[in-house]
Amino acid sequence: MDIQVGDVIKLKKKHPCGSFEWEVLRIGADFRLKCMGCGHQIMIPRKQAEKNIRQITPASQRGI
């Protein structure tokens, strides 16, 4: 998967705040994601993140 820092990913399960969208802050063996709803940050293993992605919105489309 081609995921870059700044991309917004939509996951299968929603965060308790109700948002499905997460901003990618760091990539590597783990991803650091920031919830677009409440701003909560998490670290998640790459394998688990890639398995749960539904949609990727590149940073270039968001105007960043």
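1. Strand 3 and strand 4 run antiparallel and are joined by 5 bridges. Strands here are DSSP runs of E with at least two residues, numbered from the N terminus, and two strands pair if DSSP finds at least two bridges between them. Across this pair, Leu33 stands opposite Ile42 in strand 4. The hairpin has 5 residues between the strands, and Gly39 takes a positive phi near 90° there.

2. A word on the model before going on. It is a predicted one, in which local features need pLDDT of at least 70 and side-chain atom pairs count only at pLDDT 80 or more, while totals for chains, interfaces and linings use all residues. Residues are numbered from 1 along each chain as its sequence is written, and side-chain values use heavy atoms, with hydrogens and water left out.

3. Stepping back to the whole sheet, you will find an open arrangement of 5 strands in the order 4-3-2-1-5, with antiparallel pairing. Strand 4 (41–45) and strand 5 (53–57) are the edge strands, each pairing on one side only. From one strand to the next the twist averages 35°, with axes taken as lines fitted to C-alpha atoms and angles running from 0 to 180 degrees between N-to-C directions. Strand 1 (residues 8–11) and strand 2 (residues 21–26) pair over 3 bridges in the antiparallel sense, and Ile9 stands opposite Trp22 in strand 2.

4. The largest nonpolar core has 11 residues, among them Ile9, Trp22, Val24, Leu33 and Cys35. Such a core is a set of buried Ala, Val, Leu, Ile, Met, Phe, Trp, Tyr and Cys residues joined through side-chain atoms within 4.5 Å; buried means under 20% relative accessible area, exposed over 50%, and partly exposed in between (1.4 Å probe, protein chains only). Strand 3 gives the largest share of this core, 3 residues. Val24 touches Ile3, Ile9 and Leu33, among others, not counting residues up to four places away in sequence; contact means heavy atoms within 4.5 Å.

5. Do look at His15, in the loop between strand 1 and strand 2. His15 counts as buried because its relative accessibility is 16%. Leaving aside residues up to four places away in sequence, His15 touches Trp22, Cys35, Cys38 and His40.

6. Finally, the cysteines. The structure holds 0 disulfides, a disulfide being a pair of cysteine sulfur atoms within 2.5 Å. Cys35 is buried, with a relative accessible area of 1%, whereas Cys17 is partly exposed at 40%.

Conventions:
Helix = DSSP H or I, 4+ residues; strand = E, 2+ residues; numbered from the N terminus.
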